Amino acid sequence: MVETRILKIDPERPDPELVREAAEVIRRGGTVAFPTETVYGLGADTYNPSAVMKIFEAKRRPADNPLIVHIADLDQLFEVAADVPGEALALARKFWPGPLTMLLRKSPRVPGEVTAKRDTVAVRMPAHPVALALIRESGVPIAAPSANLAGRPSPTTAEHVVRDLYGRVDVIIDSGHTLYGVESTIVDLTRDPPVLLRPGAMPVEEVRRALGKDIVIPPFARGLGMADVALAPGMKYRHYAPYKKLTVVEGDYSDLEAYARGVIEVVRRLSGDARRAVVLCSSETRRYYEGAGLRTIELGPRSNLFVVARNLFESLRLIDEMADVDEAYSEGFPEQGLGLAIMNRLRKASGFSIIRLGGGDVSSPAGQAPH
Ligand code: TXA
Ligand code: MG
């Protein structure tokens with residue numbers, strides 16, 4: 001057991017004294033859970049291997065799953081990356097600080113503990129005043145995965161972090177709810193054309209437009225099947241999963257009433273007792289489930305996927321907290337914009353328990369992510 005201190009820091013105006021206190025813990029080789037604009041991260045000094053190892057221990061994260069390095073300025077980019085191609089610099093200038101992570105060749109300064117002995121490093125500059133202040137005050141880039149126990153939904157509030165990591169980390173900073181609620185978009189720029197390793201809060205369409213060239217979207221980035229480990233080491237592990245069984249029911253979203261009727265039929269057919277099932281649904285379709293006597297968790301409106309993304313991980317955690325619920329079903333969403341990240345998380349959270357209404361295969365070219 002570690003003694004955990006909780007520091008409440010106002011995200012609008014971070015108290016410099018409290019930031020200094022947390023930075024001191026980083027500098028001394030400790031672990032600090034901190035907010036970013038995506039999800040909470042669990043950070044340590046990138047250049048201190050034993051501090052970095054504490055992250056893996058606290059999260060029970062397999063050592064072969066590398067961490068993202070968080071930086072506060074472009075000097076630190078040149079410090080951690082051996083080679084910064086013009087493309088990467090252009091994306092950094094356009095999207096940082098923000099929820100885009102770039103995979104680049106690593107510099108020798110970054111220890112193998114951070115990158116799981118790979119020769120690449122994942123880097124991003126978070127758009128959160130507390131995260132940026134913490135990195136600056138620490139004076140080093142901060143290596144940080146999401147601040148959840150391995151396999152659990154990523155934390156979007158400090159309470160989630162407390163539930164998973166209290167007694168396992170030195171400091172938990174509480175700055176309220178994060179903005180996006182899904183993690184950063186990861187693009188591998190060491191390959192040509194670049195490859196999307198994980199869709200996230202920054203729509204891949206925007207990155208593509210800025211690059212002016214194609215970005216490959218492999219099936220695993222859509223949450224369909226396991227990844228090639230050489231490409232994406234973390235993707236082979238179960239992720240985001242509630243303890244209870246979750247099934248994603250996908251279909252044609254152009255007629256929402258017909259779609260919801262289809263989902264209701266699946267729930268009635270597959271669940272042992274439909275009264276003990278819960279449906280994660282959109283605002284537009286909720287009334288159909290309620291009308292059929294089914295319990296619901298409302299994710300948000302289809303017309304604003306930002307809200308759905310923001311509520312997603314909390315909703316996955318809520319499934320486990322509902323005492324009289326045994327299993328969950330989730331609606332699907334179109335794989336455009338934030339929809340691609342949402343579907344990646346949902347499909348993985350279900351352990352690939354996916355049903356496609358009206359037949360058809362989600363992995364068929366017809367279901368290809370949009371360009
Ligand atoms: O929004 C985010 O990205 C959050 C916040 C805290 O910044 N962080 C986050 O970290 O989601 P994590 O560790 O949960 O996810 C990072 C992913 C993992 O799947 C990991 O395998 C991949 O990035 N990754 C990191 N370094 C890599 C590398 N060198 N090569 C390939 N994949 C890498
Ligand atoms: Mg994670």
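Modeller: We shall go through a pocket, its ligand and a cavity.

This is a predicted model, in which local features need pLDDT of at least 70 and side-chain atom pairs count only at pLDDT 80 or more, while totals for chains, interfaces and linings use all residues. Residues are numbered from 1 along each chain as its sequence is written, chains are lettered from A and ligands numbered from 1 in the order in which they are written, and side-chain values use heavy atoms, with hydrogens and water left out.

Colleague: What volume does the largest pocket have?

Modeller: Rolling a probe the size of a water molecule over the atoms shows where empty space is left. On a 1 Å grid over the protein atoms alone, a pocket is an open set of points with protein on both sides within 12 Å along at least five of seven lines, a cavity is a set where a 1.4 Å probe fits but cannot get out, and lining residues have an atom within 4 Å of a point. A volume is the space filled by probe spheres set on the points, which are joined across faces, edges and corners. Here the largest pocket has about 670 Å³, and Arg61, Asn65, Pro66, Ile186 and Arg198 are the closest to its centre among the 42 residues that line it.

Colleague: Where does ligand 1 sit?

Modeller: Ligand 1 sits in the largest pocket, a term that requires more than half of its atoms to lie within 2 Å of the grid points. An oxygen atom of ligand 1 is 2.9 Å from a side-chain N or O atom of Arg61, and for Arg198 a polar side-chain atom lies 2.8 Å from a ligand 1 oxygen.

Colleague: Which residues line the largest cavity?

Modeller: The largest cavity, with a volume of about 30 Å³, is lined by residues including Thr185, Pro199 and Leu340.

Key:
Polar contact = N/O pair within 3.5 Å; in protein donor to acceptor, adjacent residues only side chain to side chain.
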